[in-house]
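Please keep the sequence and the 3D view open as you read.

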Amino acid sequence: MSTVASTRNVVFDEQAFQRDDDRDDAFYYKVDRFVPHLDAEALRVVSSIIDALVTEDRPEVLDLMASWDSHLGDERRAERVVGLGLNRHELDANPALDELIVHDLNRDPTLPFADASFDVVLNTVSVDYLTRPFEVVAEVGRVLRPGGLFLVLFSNRFFPEKVVRVWREASGRERTMIVEEYLRSSERFGPSDNMLVHGRPRPEDDRYAFTGLPSDPIYAVWAERKGEKFGRRRQPPDFDPWFVRDPEELERRKRAAAETRECPYCGDRLRKWAVPQTPFTEWDQEHLYICFNDRCPFLLRGWHAMELQGNRGFSYRLMYNPGNERCMPIPIPSLTAFRESIIDEKTPAD
Ligand SMILES: C[S@@+](CC[C@H](N)C(=O)[O-])C[C@H]1O[C@@H](n2cnc3c(N)ncnc32)[C@H](O)[C@@H]1O
């Protein structure tokens with residue numbers, strides 16, 4: 001373990017970088033894993049972020065902890081791509097790589113490259129397996145050219161037995177802070193930036209589509225090596241097309257909810273819904289209107305929003321109250337909840 005880590009603070013304590021399976025990584029990664037580590041939509045997001053943030057012409061790229069896909073997109077812009085990982089068969093199958101190196105970073109965090117050899121270092125869905133991250137990040141700073149980019153991408157999926165404890169115990173936001181802390185520990189990097197993409201529809205043919213959960217969230221943290229060319233304009237892509245800024249469009253959507261019962265988020269018809277009558281709840285309406293589209297962005301983003309409030313496993317649907325002409329969220333524990341009270345299966349809104 002790094003001495004930096006052990007003296008640092010209570011987050012990076014003696015157990016922070018222990019794993020359930022602390023055996024040699026070479027043993028675990030001997031098994032070929034030609035599997036996608038994210039759903040297809042999340043993989044598209046990863047490629048778009050890389051594409052947008054790598055602004056260099058013909059960069060030399062190091063894919064750190066690489067496997068059979070470097071997510072560099074169809075259009076080849078890199079001058080040279082080097083992959084460093086643990087499974088030779090997976091690296092051999094990676095069409096993006098010009099060179100490959102099998103090297104265990106937990107045994108030896110020293111990168112086998114000269115100073116300032118790369119313009120870009122990528123690390124995709126792998127940072128959570130590093131037991132000596134501070135040393136590895138210092139090395140990344142060394143092998144990057146001044147102004148070069150270190151981009152770390154991750155999600156909420158991992159091989160649990162190989163992931164370090166501090167990561168497993170953290171939330172998504174805390175994981176972003178952990179990576180930022182790694183970057184801050186090396187004086188070679190300038191301030192880091194980060195983004196989260198979540199709430200996008202999971203592809204319909206995905207094996208987990210039946211859960212109704214959105215596409216895997218993608219977190220990105222990046223920083224540049226200080227020095228010449230530092231401060232390049234790196235603009236992350238905009239993944240928030242549902243966030244309406246235009247006041248006229250907002251007004252149009254409000255009217256559509258009131259007049260034609262359209263969901264302001266997805267445009268689907270809101271369904272007339274009988275308010276449950278119980279002795280304990282009083283509603284001023286007999287009927288309300290709810291968006292039951294399982295791919296509505298309001299619902300898809302709701303899983304994450306509810307989780308942040310401690311309500312894991314819940315989301316909400318959009319509900320429109322014609323009494324006060326207001327929209328509000330109605331929490332749901334599952335996609336089937338409340339469907340039994342839809343009363344207008346096939347008829348028009350009113
Ligand atoms: C979840 S996979 C991600 C692979 C690839 N970056 C991608 O985006 O598909 C984790 C990768 O980290 C690599 N890895 C794990 N432990 C490592 C270590 N100690 N040293 C070097 N690479 C390691 C493995 O070879 C494996 O391919």
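The count comes to 1 cavity of 30 Å³ or more. A cavity here is a set of points, on a 1 Å grid over the protein atoms alone, where a 1.4 Å probe fits but cannot get out, and its lining residues have an atom within 4 Å of a point. Grid points are joined across faces, edges and corners, and the volume is the space filled by probe spheres set on the points. The largest cavity has a volume of about 40 Å³. This is a predicted model, in which local features need pLDDT of at least 70 and side-chain atom pairs count only at pLDDT 80 or more, while totals for chains, interfaces and linings use all residues. Residues are numbered from 1 along each chain as its sequence is written, and side-chain values use heavy atoms, with hydrogens and water left out.

Which residues line the largest cavity? They are Leu64, Asn123, Val127, Leu130, Val136, Val137, Phe150, Val152, Val179, Tyr182 and Leu183. Two or more of the lining residues come from each of helix 5 (133-143), strand 5 (144-154) and helix 7 (172-184), and helix 7 gives the most, with 3 residues. Helices (H or I, at least four residues) and strands (E, at least two) are DSSP runs, numbered from the N terminus. By class, the lining has 10 nonpolar, 1 polar and no charged residues. In this scheme Ala, Val, Leu, Ile, Met, Phe, Trp, Tyr, Cys and Pro count as nonpolar, Asp, Glu, Lys and Arg as charged, and the others, Gly among them, as polar.

Now turn to strand 10. Because 7 of the 7 residues of strand 10 (residues 315-321) are buried, this strand is largely enclosed by the rest of the structure. Buried means under 20% relative accessible area, exposed over 50%, and partly exposed in between (1.4 Å probe, protein chains only). Ser315, Arg317, Met319 and Asn321 point one way from strand 10, Tyr316, Leu318 and Tyr320 point the other way, and all are buried.

Strand 10 has antiparallel pairings with strand 9 (residues 287-290), over 2 bridges, and with strand 11 (residues 326-332), over 7 bridges. Two strands pair if DSSP finds at least two bridges between them. Tyrosine 320 of strand 10 is the bridge partner of tyrosine 289, and leucine 318 stands opposite proline 329 in strand 11. Strands 10 and 11 form a hairpin with 4 residues between them, and glutamate 325 in the turn has a positive phi of about 55 degrees.

Leucine 86 and phenylalanine 27 lie 59 residues apart in sequence and 9.5 Å apart in space, C-alpha to C-alpha.

Finally, the whole protein. It has 9 helices and 11 strands, and its C-alpha trace spans about 70 × 40 × 40 Å along the principal axes. Of the 350 residues, 49% are buried. Among contacts with a separation of 6 or more, 68% are between residues 24 or more positions apart.

Conventions. On a 1 Å grid over the protein atoms alone, a cavity is a set of points where a 1.4 Å probe fits but cannot get out, and a pocket is an open set with protein on both sides within 12 Å along at least five of seven lines; lining residues have an atom within 4 Å of a point. Contact means heavy atoms within 4.5 Å.
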